[in-house]
Amino acid sequence: DDIPGIEVEGETPRREPTKEKRPEVRHWSMPASAASRVALTSDLVVTMGPRRGIVFVPSKAEAESAARQLAERLSAGNDVSIHILHGDMVQAARSRTVNAFRGDADRTTR
């Protein structure tokens, strides 16, 4: 039947899945009060230097506030961009945020 390395005319050859090395992903879960969340997050970014991060907050208003405060705290001397994502955003805005998080520069400008 199937012999490795032999192709039968008219059939699409099967490819072995590539085993690319994926970057290590670390998860930190730290409960924090609303008052300490921004300071804790900015300290983690400055200290640990992650390439990407997600901060979960309980409300849209808190997401907007945390994003604004983090942008203010991290703007000086840090190569950090802050993007917000919540359910009240139109799909195009959500897509831009997701593409920016993935690092897809070509798709973030659309």
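Biologist: Lys 60 first. Is the residue buried, exposed or partly exposed?
Modeller: Lys 60 counts as partly exposed, because its relative accessibility is 37%. Keep in mind that this is a predicted model.

Biologist: Which side chain does Lys 60 meet in a salt bridge?
Modeller: Asp 88. The N to O distance is 3.2 Å.

Biologist: How many salt bridges does the structure hold?
Modeller: There are 2. Arg 37 and Glu 62 form one of them, with the closest N and O atoms 1.9 Å apart. That pair also links distant parts of the chain: Arg 37 is in helix 1, Glu 62 is in helix 2, and 25 residues separate them.

Biologist: Arg 37, buried or exposed?
Modeller: Buried. Its relative accessibility is 14%, and the cut-off is under 20%, so Arg 37 qualifies.

Biologist: Switching to Leu 70. Where is that one?
Modeller: In helix 2. Leu 70 counts as buried because its relative accessible area is 8%.

Biologist: What does Leu 70 touch, leaving out residues up to four places away in sequence?
Modeller: Val 38, Thr 41, Ser 42 and Ile 82.

Biologist: How far is Leu 70 from Arg 37?
Modeller: The C-alpha atoms are 9.7 Å apart in space. In sequence, the two residues are 33 apart.

Biologist: Let's zoom out. What elements does the chain have?
Modeller: It has 4 helices and 0 strands. From the N terminus on, the order is α-α-α-α.

Biologist: How much of the chain counts as buried?
Modeller: 14% of its 110 residues. The accessible surface comes to about 9600 Å², and 51% of that belongs to carbon and sulfur atoms.

Biologist: What share of contacts joins residues 24 or more positions apart?
Modeller: 39%, taken over contacts with a separation of 6 or more.

Biologist: Which helices each supply at least two lining residues?
Modeller: Helix 1 (34-48), helix 2 (60-74) and helix 3 (91-102).

Biologist: And how does that lining split by class?
Modeller: 26 nonpolar, 11 polar and 8 charged residues.

Note on methods: Residues numbered from 1 in each chain as written. Predicted model: local features only at pLDDT ≥ 70, side-chain atom pairs only at ≥ 80, totals over all residues. Heavy atoms only, no water. Nonpolar A, V, L, I, M, F, W, Y, C, P; charged D, E, K, R; others polar. Buried < 20%, exposed > 50% of the residue type's maximum accessible area, 1.4 Å probe, protein only. Contact = heavy atoms within 4.5 Å. Areas by Shrake-Rupley, 256 points an atom, 1.4 Å probe, with all protein chains shown as cover. Salt bridge = Lys/Arg side-chain N within 4 Å of Asp/Glu carboxyl O.
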